[in-house]
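Visitor: Hello! Could you walk me through this structure, one question at a time?

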Amino acid sequence: MKKKSDAPAAVESGLFGDLPTPPAAPARRDGLLFFSYSRLSLYEECPLKYKFKYIDKLPEEPKYYFAFGSSVHKALEFLYSVKAPPFPTAEEVCEAFRMDWERKSYLEKGYRTQAKADDDYRKGLAMLKAYYEHNRAAFRPPFLVEYSTDVAVDGLLVRAISDRIDYLGDGRVLITDYKTGKDVRREPAQLYMYQKIMELDPALKERIAENYGQRVGSVRIEKMLYYHVPSNKEYPFARASDSEIGGFWERVLETAENIKGLKFDATPGERECRWCDYKSSCPEYFGGHPRPEEPGAPASSERIEALVDRYGRLKEKMDEIKAQLDELAASIGRAAGNGGSYAGDSFTASVTKIPKWEFRDREAVLGVLDQFDLYQRAMNVTVAGLSGLLDSPDLSAEARKRLLEHAVRKTAVEIKVVRKPGT
Ligand code: SF4
């Protein structure tokens, strides 16, 4: 049963007191609601999670398994993007994998350590080499790779993305989805979505006409295939019956109606919440337990354990984010020369370089302060206090010389970012 969310509505000050903030609207184009298989499955998992991701647009944690799968897909896309043989060599496919892999740091990809990322990198290379050897005798250029289409149907604009489509003649196609996880689970909703949307897609008929010179009245998904790259095994699925597709589509329309009606009640559960990135924003999550009735109520020992876990997870997250921010700030600092203002798609940044002192040997610095009776002048034995002392013009030459023996001049990068209006 669905639980009601007791999250207080956001408020803003109005002339006559606090006014509730109107809820954010779901994204639309030309009055059509954006939809996809992933949106459906996320809403069915937890409507509040859907809202956090697609409406509030709260950032998600990077997932290393997505990063890994994405780089393998990029390499396969490179392999199959040829219009006619010869195909790229195995080395060139591995190089495509490497180039995509190196676009992001291990933290940006969602790995906790460089060693784990390196391990997966080696696994990816081995996987692609094995794939290449297993399939090289049967290489043939597919009809389409990484085909993405948006189809308007029943008030929705549904996006479907297919890894690979092969043309079988007479409007019939085979769709292949490459899987890189540990195992392959049949995902009926994904298969139904492919069948429903690709068969309605007018652009696909146009592409058949362009590529094969055949004007077909309709497209028919003859077969669908999950290809498990780690094991080089194929999992074929026959096309779904009309009644299966009909039942599935009713489910889609009901979900879309709920989204349009802004129904985002949380459905917390062990499985749903475990991998959810929005626990810290979620009023329904309390270490996997229902939130206590009274916010100030004393926590039981069980709840303290849950709080400790939650605190630990957030602290880990914060440390990882801090490391990523430091790495990015250093890269921006190197690229920005003496500083200035820069604009990305969504943010503008003003970058300032600030000279600063760093002190290496605390005991030695304390000795110098003691020798020249400077404790009082330093105010605090902190970097700021010592920097002020070093920079003051009336410090004796000898004391400055001795302090400088333990100081290094560095450059700090200060970055102020502002989101661009309307992004
Ligand atoms: S923590 Fe659980 S209840 Fe809250 S949004 Fe995530 S999945 Fe839904």
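Guide: Gladly. One definition comes first: a contact means heavy atoms within 4.5 Å. Please keep in mind that this is a predicted model.

Visitor: Of the contacts between residues at least 6 apart in sequence, what share join residues at least 24 apart?

Guide: Take the contacts in the chain whose residues are at least 6 apart in sequence. Among these, the share that joins residues at least 24 apart is 66%.

Visitor: What percentage of the chain's residues is buried?

Guide: Here a residue is buried if its relative accessible area is under 20%. The chain has 423 residues, and the buried part of them comes to 37%.

Visitor: How many helices and strands does the chain have?

Guide: Let's take both kinds of element together. The secondary structure of the chain comes to 15 helices and twelve strands.

Visitor: Which residue in β6 is the bridge partner of Asp150?

Guide: Strand β5 covers residues 144–153 and pairs with β6, residues 156–169, in the antiparallel sense over nine bridges. The two strands form a hairpin with two residues between them, and Asp154 in that turn has a positive phi of about 50 degrees. In β6, the partner that bridges to Asp150 is Arg159.

Visitor: Which elements give two or more residues to the shell around the ligand?

Guide: The ligand sits in the largest cavity. Residues surrounding the ligand include Cys46, Lys49, Phe52, Glu272, Cys273 and Tyr285. The elements that give two or more residues to this shell are α2 (47–55) and α10 (270–274).

Technical notes
Residues are numbered from 1 along each chain as its sequence is written. This is a predicted model: local features need pLDDT of at least 70, side-chain atom pairs count only at pLDDT 80 or more; totals for chains, interfaces and linings use all residues. Side-chain values use heavy atoms; hydrogens and water are left out. Helices (H or I, at least four residues) and strands (E, at least two) are DSSP runs, numbered from the N terminus. Buried means under 20% relative accessible area, exposed over 50%, partly exposed in between (1.4 Å probe, protein chains only). Two strands pair if DSSP finds at least two bridges between them. A residue is near a molecule or strand if one of its heavy atoms lies within 4 Å of it. On a 1 Å grid over the protein atoms alone, a cavity is a set of points where a 1.4 Å probe fits but cannot get out, and a pocket is an open set with protein on both sides within 12 Å along at least five of seven lines; lining residues have an atom within 4 Å of a point. A molecule sits in a cavity or pocket if more than half of its atoms lie within 2 Å of its grid points.
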